[in-house]
Amino acid sequence: MILPEHVRYCVDALEQKGYACYAVGGCVRDSLLGLTPHDYDLCTAAPPEETHRIFAHHTLVLAGEKHGTVGVVTDGGVVEITTFRTEGDYTDSRHPGWVEFVKTVEGDLSRRDFTVNAMAYSPSRGFADPFGGQQDLKNRILRAVGSADARFTEDALRILRGVRFAVRYQMTPESSTLDAMFSHVHLLDNIARERIFDELCKLLPLVTAEDLLRFALVLVQVIPELAPTVGFLQHNPHHLYDVFTHTAHVTAATPADLALRWAALLHDLGKVSAFTLDENGRGHFYGHDKLSAQMADDILLRLKAPNALREEVVFLVAHHMLPLVPDRKLLRRWISKWGIQKIHKLIALQQADFGSKGVVSEGFPFEEILEISRELLAENNCPTLRDLAVNGHDLMALGFSGAEIGTALNQLLSRVLDEELPNEKAALLAAIRRKTE
Ligand code: ATP
Ligand code: MG
């Protein structure tokens, strides 16, 4: 394993003072997989105040010093250096009640969640791998360190982390680890919503439909509104899958954009309560789009998602049934009203939805719709009220006042979008004059 220069520099500085220092956790795992780690964490025998002293000539991040972590600002970025420690007494499946500094790297590794995350590497001392992480990585096995029951009881977020690692590296949880993940799943209720939301945001862009199905039990624990969709049959010849299986396929089929993935996951939640059966035994879901949007809003509020993401997801869910057609005027209106980004995401969501019904259906002209939207964009030809060649002042000069102004501007925009009028000042003013004369 080769450490970048700025990381090697930190390791060497500690080793020169006689303190063992290792790269640890995710960076070791990712290097062994041949991936480029996104950051490097170090662990050391040096107590935090020693690390502080040794790097005193650097800018330091000391917020975690109490728990043993000193952040050293280097040319290559911040390197977090944590004193070997254990932790324990997780009374609430969340916070360690105490941390205790320990002498050995093995002691430090034993507090970590999974064997593949419990490896350390030092250029002078080699690998520390007391739990067989390298072997498990090679075999793609996700295994809790020590007792799986104890690990997930201490910190239930590890269940969701386990799902993420299994998904990200195509690992299979070893049977007692999987049993413990599932049997302690209710402990996720004790975990702060923000932590759950962050994990889900890391997970969603990575998942396949099979992943969502194999870990459905965990998902429905953190988003209980999904539970009634599992096995919910649609009684419709256009839908072979139950609602959850369909949802899993749609989610995996959208591009790995966070808003799209969330929208896909939540887009059909309202189907369960909107379900009706007609006299021919055929299922319908009238109004499920608006119901799902309301549920998505509630869920994302509860999970403390950022407002911008929540609003984008709610928009996509609420409009996932919008009847898209390859019609230039209609598309122009929508792009003008909502912006091209939202329209493109809506097309992507509908495309994923359409292709995930488990039955072969006739083609839908998504490509044609995209092509028209690209043309409109290239022509820079989807004006909004702000782009209109006349504004409120122009209309006031013509004697308009109050609410009339807005109405007149909207009418003009509408006619421009319908290509009845060019977006030119003289033409727009002439049109409005003609109308009021
Ligand atoms: P990522 O690539 O997502 O950053 P990572 O393995 O680096 O993966 P981090 O959350 O950055 O994950 O944590 C770094 C290391 O700290 C992990 O590899 C693991 O050893 C340990 N760790 C982090 N969170 C926990 C936890 N909740 N329980 C036990 N060990 C943990
Ligand atoms: Mg990390």
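## Basis

Residues are numbered from 1 along each chain as its sequence is written, while chains are lettered from A and ligands numbered from 1 in the order in which they are written. In this predicted model, local features need pLDDT of at least 70, side-chain atom pairs count only at pLDDT 80 or more, and totals for chains, interfaces and linings use all residues; side-chain values use heavy atoms, with hydrogens and water left out.

## The shell around ligand 1

Ligand 1 is surrounded by 15 residues (a heavy atom within 4 Å). The closest are Arg29, His38, Asp155, Arg158 and Arg164.

On its own, ligand 1 has 580 Å² of accessible area, and the protein covers 81% of it (Shrake-Rupley method, 1.4 Å probe). Two elements give two or more residues to the shell: α2 (26-32) and α7 (157-168). Helices are DSSP runs of H or I with at least four residues, strands runs of E with at least two, numbered from the N terminus. The largest share, five residues, comes from α7.

## An aromatic cluster

Ring pairs join Phe114, Phe152, Phe165 and Tyr169 into a cluster. Rings of Phe, Tyr and Trp (its six-membered ring) pair if their centres lie within 6.5 Å; planes under 30 degrees apart are stacked, over 60 edge-to-face, and the rest tilted. By this rule there are 14 aromatic pairs. In one of them, phenylalanine 114 and phenylalanine 152 have ring centres 6.1 Å apart and planes at 50°, so the pair is tilted. Phenylalanine 114 sits in the loop between α4 (105-109) and β8 (120-122), and phenylalanine 152 in helix α6 (residues 148-154), 38 residues apart.

Phenylalanine 114 also pairs with phenylalanine 165. Their centres are 6.2 Å apart and their planes at 70°, so this pair is edge-to-face. Phenylalanine 165 lies in helix α7, so the pair ties together parts 51 residues apart in sequence. Phenylalanine 114 is buried at 0% relative accessible area. Buried means under 20%, exposed over 50%, and partly exposed in between (1.4 Å probe, protein chains only). Phenylalanine 165 is buried at 3%, and phenylalanine 152 is buried too.

## Loop residues

Asparagine 236 lies in the loop between α11 (216-222) and α12 (243-253). Its relative accessible area is 14%, so asparagine 236 is buried. The side chain reaches the backbone nitrogen of histidine 238 at 2.9 Å. A polar atom of that side chain is 3.2 Å from the backbone oxygen of glycine 283. Beyond neighbours within four places in sequence, asparagine 236 contacts Arg282 and Gly283 (heavy atoms within 4.5 Å).

Histidine 235 belongs to the loop between α11 and α12. Its phi is positive, near 50°, in a residue other than glycine. Histidine 235 is partly exposed at 42%. Glutamate 419, in the loop between α21 (403-417) and α22 (425-436), has a positive phi of about 65° and is not a glycine. At 40%, glutamate 419 counts as partly exposed.

How values were computed. A polar contact is a pair of N or O atoms within 3.5 Å; within protein, one must be able to donate a hydrogen and the other to accept it, and residues adjacent in sequence count only if both atoms are side-chain atoms.
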